[in-house]
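I opened this entry to record what I looked up in the model. The notes follow the order in which I checked things.

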Amino acid sequence: MVRVGLDVDAGTGDPRLALDSSAYRLGELVYDGLVYLNNRQAPQPSLASSWDNPTPTTWVFHLRRGVTFHDGQPFTADDVVYTFETILDPSSKAPYRSLYTPIVKVEKVDAETVRMTTSAPYAPLLSYLNIGIVPKHIGEKNDGSLASHPVGTGPFRFVSWDRGSKITLEANARYWGGAPKVRGLVINIVPDNSARAAAVEAGDLDFIHSPLSPQDIARLRKSSTLVVTKMTGLGITYLNVNTSVWPLSDVKVRQALAYLTDRQAIAADIYQGMDQAATSLLTPGLWAYTNSVRQPEYNPAKARALLQEDGFTLQGGVYVKDGKPLAIELWTHSEDPNRVQAVEFLQNAWQKYGFRVKVSTNEWPTFSSAVYASKHQVALLGWLNIVDPDRLMFNQFTSSGGQNWEKYSNPVVDALLQRGRTTLDRAIRAKIYQQAAQILANDQPYDVLLYQGYVVVQSAQLHGFVPNPSGSLKTLDTVTLGGR
Amino acid sequence: MLRYVLRRLAQMVVVLFGISLLVFGLLHLVPGDPAALLLGQQATAQDIARLRHVMGLDRPVWYQFVQYVARAARGDLGTSIFLGGQRVTALIGEHLPATAELAFAAMALAVAVGVPVGVLCAVRQYSMVDVVSMAVTQIGVSMPVFWLGMLFILLFSLQLRWLPTFGRGMPLPAAVLALLGGNGAPLVDSLRHLAMPAMTLALSAVVLITRMVRSAMLEVLGQDYVRTARSKGLTVRAVTYRHALRNAVLPVITIVGLQVGALLGGAVVTETIFAWPGLGQLLINAISQRDFPVVQGATLVIALVFSVINLAVDVAYAWLDPRIHYG
């Protein structure tokens, strides 16, 4: 058995309802999606062995034959239709329902073929079809049993769940992709990051991954019995800047803040190189990435010039315009010590150059509900799982976007993001997102601070795991464990 | 005595109702909406509004409270919002035994160490033993639990490789049954898992009990009846244990009772460091997710346990001290 350590217990075993990262990880091991995303986030055949795109709004999926669920029942087109219809049901509790709402129809063509129709061409669709397909015959009982006793087609079969403690899975000997080489997995829930690091160091665990504290990683790197792999993940840490209230409604003030933000220092001193200083909204792991799109880089002299040109004068160490001081509030949530340190660092840095900054940290529910209601001025938070640029930009920056908490509105960006979503050609899409990202880098509704790092620490006895920046544990189905 | 117990039980119902009302009110006053948290950052405002309706969160707060009380009176504490629709009673049933095991182990350890050391310090006041013990307990009471826990892990798991870093073995009662059946391995495993969390949790109680026993003993040892007993020619040993300790132990019982009650509420930090699947972790996660039914259910059970232990302490008083009567 491979002993895996995760930070939180999975909230559910039903992939449609998965919200926390552990529910995702469990879902990938027990279920299969129509596709899976490889370590460059490119969709690969999974339960769909192939697909075609006869018109820009129609997708036809040819399903893999001879696949069975862990209870022995065959997998068919009905299960696919059922899974997506229940996600799209308006009363569904699926957290990521909004990613699928462009789908207007899911139909069974025959037992091995499914057709999806979208309201308009929807380029990111395939990237979201890795969500696990659930068995209709169990799901339609509506007794919630999949949440506590998951049944999928995946490489590992669910055995038992000690709430808050561990989940035991065993190898699915009849897995269509080939049976795993290990007997099974025990997913141990060890909430404290340092305790989890100590457990892998003591040999009580074979595998742990982010979140981990930078200090622990530095120590684990020195161990001869462990292998540490570090890469850029799919998340960003950023400042959400509310553009609807003065002084931050003034683009020059936002740009001045960006010039006063030393992202390199935050990455090096607070995150000790685990996360990387960001240059724009385009994340390095994605096909749309280019390093030529750049937000203002740390340069206090430029900030000073910009504010003076904008009519601010320095009085008693604070910039003032029309009798009003340049005062802002900077918020974050208290659960993440590194983020709390980062806002304190920024408060110091910005105050040194003439801003008056009040810092406030609250627990996540309080903080997030205030940010969702746009009651903030500057808020430090993050986005995860950016498998497509659309996921980081469409709802966040279009004028009526559901996550446009910064109240940004720009018709040019609206049009670009709409085009990016409805253009299927990836090369053209890359250009569109680069253009949008450049405008946003200048306008600064987001100041992207960091590209989040992803770290895997595994026993040197564990062979064959391919780390995926998304944090996916799917390739645990191909590992071998020496000595056991 | 029976009338007294019955009256206390009736008061308990009032206390539990009051606590339910308080917790319910607080949960609805603090910011943070379970529907929004359940759907995450990607959800739209319409999705959240729809889910609030499905969950009944758009009803008036008083109506939700009346419904909750009506169900709770029938023993139905509802289902968790976050943990896959699990029943709250089942979740508490899974987590409470782990917490109880840890709390009682820690308290047994604390009493086993704290009482003898406290007596020794009192009998040999200002001796080397007393000075060193008091210094050590002073350090112990100032040491943060998470730090102590990590030090234990570094020492016992990483350096000496004696104890496992995290988790819980077989529940103790089951492990004892296995031992009676001839298999001692599960009990050894359970105790090895229990050792570090119990020691970590016991520390603050050891300090408290040692100091309490010491000061109570010092007070009693200066009383006239102790001098009389000594002048009758009784041995120091007999006077200390039979006459002095029995009288000094009353306030200690209060402390032990209150500590057990507090520990049963969940030792959040210790449970988190050692990944001990107890009530504290369940409750803290539920609070941070605004999982209203779990918070309400867990606080209700903790309040119930606390009240019962308090009652047991008061009854124990009367039993230990014939001068105390409850009418």
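**Proline loops in chain A**

I began with Pro211(A), which sits in the loop between strand E11 (207-209) and helix H8 (214-220) of chain A. The model is predicted, and I read every value below with that in mind. I checked the peptide bond from Ser210(A) to Pro211(A) and found it cis, with omega near 5°.

I then went to Pro247(A). This residue lies in the loop between strand E12 (226-241) and helix H9 (251-259) of chain A. The bond joining Trp246(A) and Pro247(A) is also a cis peptide bond, with omega about 5°. I noted both because most peptide bonds are trans.

**Positive phi**

Next I looked up backbone angles. Most residues other than glycine have a negative phi. Asn142(A) is not a glycine, yet its phi is positive, about 55°. I placed Asn142(A) in the loop between helix H5 (136-139) and helix H6 (145-148) of chain A. Is Asn142(A) buried or exposed? Asn142(A) counts as exposed, because it has 8 C-beta neighbours inside 10 Å and the cut-off for exposed is 12 or fewer.

In chain B I found Tyr126(B), again not a glycine, with a positive phi of about 65°. Tyr126(B) is in the loop between helix H5 (88-123) and helix H6 (128-142) of chain B. With 9 other C-beta atoms within 10 Å, Tyr126(B) is exposed.

**Chain A overall**

I stepped back to the whole chain. Chain A has 16 helices and 22 strands. Its C-alpha atoms fill a box of roughly 75 × 55 × 40 Å along the principal axes. I asked what radius of gyration a compact globule of 484 residues would have. Of the 484 residues, 51% count as buried. I also looked at contacts in chain A with a separation of 6 or more: residues 24 or more positions apart account for 66% of them.

I took helix H2 (residues 77-88) of chain A first. H2(A) has 12 residues and reaches 17 Å from its first C-alpha to its last, close to the 16 Å expected at 1.5 Å a residue. Which residues of H2(A) are buried? They are Ala77(A), Asp79(A), Val80(A), Tyr82(A), Thr83(A), Phe84(A) and Ile87(A). These buried residues pack against strand E5 (58-63), H3, strand E6 (103-110), strand E7 (113-118) and H5 of chain A.

Then I checked a helix pair. Helix H15 (residues 411-422) and helix H16 (residues 426-443) of chain A pack at an angle of about 155°, with their axes 9 Å apart. That makes H15(A) roughly antiparallel to H16(A), since angles over 145 degrees count as such. The crossing of H15(A) and H16(A) is left-handed. I listed part of the H15(A) side, including Val412(A), Leu416(A) and Arg419(A).

**Chain B overall**

I turned to the partner chain. Chain B comes to 14 helices and 0 strands. Its C-alpha trace spans about 85 × 55 × 45 Å along the principal axes. Buried residues make up 39% of its 327 residues. Among contacts in chain B between residues at least 6 apart in sequence, 71% join residues at least 24 apart.

**Where the chains meet**

I finished with helix H7 (residues 145-159) of chain B. H7(B) has 15 residues and reaches 20 Å from first C-alpha to last, close to the 21 Å expected at 1.5 Å a residue. Its buried residues are Leu148(B), Gly149(B), Phe152(B), Ile153(B) and Ser157(B). What covers them includes helix H7 (193-201) of chain A, together with helix H9 (185-221) and helix H12 (268-273) of chain B. After H7(B) comes Arg161(B), whose phi is positive, near 60°.

Terms used:
Residues numbered from 1 in each chain as written. Chains lettered and ligands numbered in written order. Predicted model: local features only at pLDDT ≥ 70, side-chain atom pairs only at ≥ 80, totals over all residues. Helix = DSSP H or I, 4+ residues; strand = E, 2+ residues; numbered from the N terminus. Rg over C-alpha atoms; globule rule 2.2 N^0.38 Å. Buried ≥ 20, exposed ≤ 12 C-beta atoms within 10 Å, placed from the backbone. Contact = placed C-beta atoms within 7 Å. Expected span 1.5 Å × (residues − 1). Axes fitted to C-alpha atoms, helices over the stretch in contact; angles between N-to-C directions. Parallel < 35°, antiparallel > 145°, perpendicular 65-115°, else oblique. Left-handed = near helix turned anticlockwise from the far one by under 90°.
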